[in-house]
Amino acid sequence: MAGRGRANGPEPGRGRAAPTLRCFIALHPDEGALERLDRLAGAEHARLPSARRMRRENLHLTLAFIGALDAGRARQVAARLAAEPPAPFDWSLDEVGAFAGARVLWAGGTDVQLDALAARARALLDELDVRFDRKPFVAHVTLLRDVPRDAARDAARRIEPPILWHAGAPVLLESRTDSSGVRYLPVAAEPGNG
């Protein structure tokens with residue numbers, strides 16, 4: 001019942017709760033794409049200085065957002081992802097856009113292979129019985145957050161020339177906050193769960 005039990009610490013007779021990680025399945029950009037995305041983020045930030053720029057090392061493409069996940073389960077998911085056969089392909093990011101409601105400015109572009117990769121990642125989570133955000137997949141890389149709403153409404157434009165991203169294998173990332181801010185770190189696979 002609500003209001004009963006202890007607010008902090010384990011329940012009587014039980015051990016401590018397992019640690020949880022804030023996780024998502026993502027693709028890291030190759031070095032060339034990372035360089036172009038970082039320069040684009042810098043140019044957009046110069047145009048919209050009140051927004052928050054994504055750190056270079058945090059630029060990524062989310063395939064499936066999970067949220068809180070038990071650390072042991074996270075290692076299992078990471079192992080299953082690592083065991084998937086690689087299927088590299090190239091993706092072109094050819095537009096800047098925004099999610100006005102979320103006040104996010106992004107770079108993106110459509111690609112059937114990328115859509116298929118996101119569908120495979122989500123199917124793997126279903127197979128493992130891991131809950132995730134089921135919003136439709138929209139291929140985008142966040143460049144800026146806290147974008148003024150009027151600027152977000154007028155953000156759409158083409159990227160010339162498009163940014164070529166050599167897509168590799170998806171990985172499970174953990175969002176961790178420390179004294180230097182938010183960092184996205186790979187979750188180590190649990191041995192024997194591949």
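Q: Which residues is Arg 36 in contact with, leaving aside its neighbours within four places in sequence?
A: A contact list shows what a side chain packs against beyond its own stretch of chain. In this predicted model, Arg 36 is in contact with Ile 159, Pro 161, Pro 162 and Ile 163, once neighbours within four places in sequence are set aside. Arg 36 itself is found in helix H1.

Q: Is Arg 36 buried or partly exposed?
A: Relative accessible area settles that. Arg 36 has a value of 24%, so it counts as partly exposed; the cut-off for buried is under 20%.

Q: What does the whole chain look like, and in which order do its elements run?
A: Start by counting elements, then read their order. The protein chain has 4 helices and 9 strands. From the N terminus on, they run β-α-β-β-α-β-β-α-β-α-β-β-β. Of its 194 residues, 40% count as buried. Now look at the contacts with a separation of 6 or more: 80% of them come from residues 24 or more positions apart.

Q: Which residues of H3 are buried?
A: List them, then look down the axis. The buried residues are Leu 114, Leu 117, Ala 118, Ala 121, Arg 122, Leu 124 and Leu 125. Seen down the axis of H3, they fall within an arc of 155°, so they line one face of the helix.

Q: What covers the buried residues of H3?
A: The cover includes strand S1 (20-27), strand S3 (61-70), helix H2 (71-83) and strand S4 (89-99).

Q: And what is found at the start of H3, and what follows it?
A: Helix ends are worth a separate look. At the start, a side-chain oxygen of Asp 111 comes within 2.8 Å of the backbone nitrogen of Gln 113. H3 is followed by Asp 129, which has a positive phi, near 60°.

Q: How many salt bridges does the structure hold?
A: Side chains of opposite charge can pair when their charged atoms come close. This structure holds 14 salt bridges. One of them joins the side chains of Glu 44 and Arg 157, at 2.3 Å from N to O. That pair links distant parts of the chain, with Glu 44 in helix H1 (residues 31-47) and Arg 157 in strand S7 (residues 157-167), 113 residues apart. Glu 44 counts as buried because its relative accessibility is 2%, while Arg 157, at 36%, counts as partly exposed.

Q: Which residue does Arg 183 form a salt bridge with?
A: Its partner is Asp 178, and the closest N and O atoms are 2.8 Å apart. Salt bridges can also share partners: Glu 31, Glu 35, Asp 38, Arg 53 and Arg 56 are joined in this way into one network.

Q: How many residues are in the largest nonpolar core?
A: In soluble globular proteins, nonpolar side chains tend to be buried together. Here the largest nonpolar core has 56 residues, and Trp 165 and Leu 172 have the most contacts inside it. Beyond its neighbours within four places in sequence, Leu 172 is in contact with residues including Cys 23, Phe 24, Ile 66, Leu 81 and Val 187.

Q: Where is His 140 found, and what does its side chain reach?
A: His 140 is found in strand S6 (residues 140-145). Its side chain reaches the backbone oxygen of Val 138 at 2.7 Å. Leaving aside neighbours within four places in sequence, His 140 is in contact with His 60, Leu 61, Phe 99, Trp 106, Ala 107 and Gly 108.

Definitions and conventions: Residues are numbered from 1 along each chain as its sequence is written. This is a predicted model: local features need pLDDT of at least 70, side-chain atom pairs count only at pLDDT 80 or more; totals for chains, interfaces and linings use all residues. Side-chain values use heavy atoms; hydrogens and water are left out. Buried means under 20% relative accessible area, exposed over 50%, partly exposed in between (1.4 Å probe, protein chains only). Helices (H or I, at least four residues) and strands (E, at least two) are DSSP runs, numbered from the N terminus. The arc is that of the directions from the helix axis to the C-beta atoms. Contact means heavy atoms within 4.5 Å. A polar contact is a pair of N or O atoms within 3.5 Å; within protein, one must be able to donate a hydrogen and the other to accept it, and residues adjacent in sequence count only if both atoms are side-chain atoms. A salt bridge is a side-chain nitrogen of Lys or Arg within 4 Å of a carboxyl oxygen of Asp or Glu. A nonpolar core is a set of buried Ala, Val, Leu, Ile, Met, Phe, Trp, Tyr and Cys residues joined through side-chain atoms within 4.5 Å.
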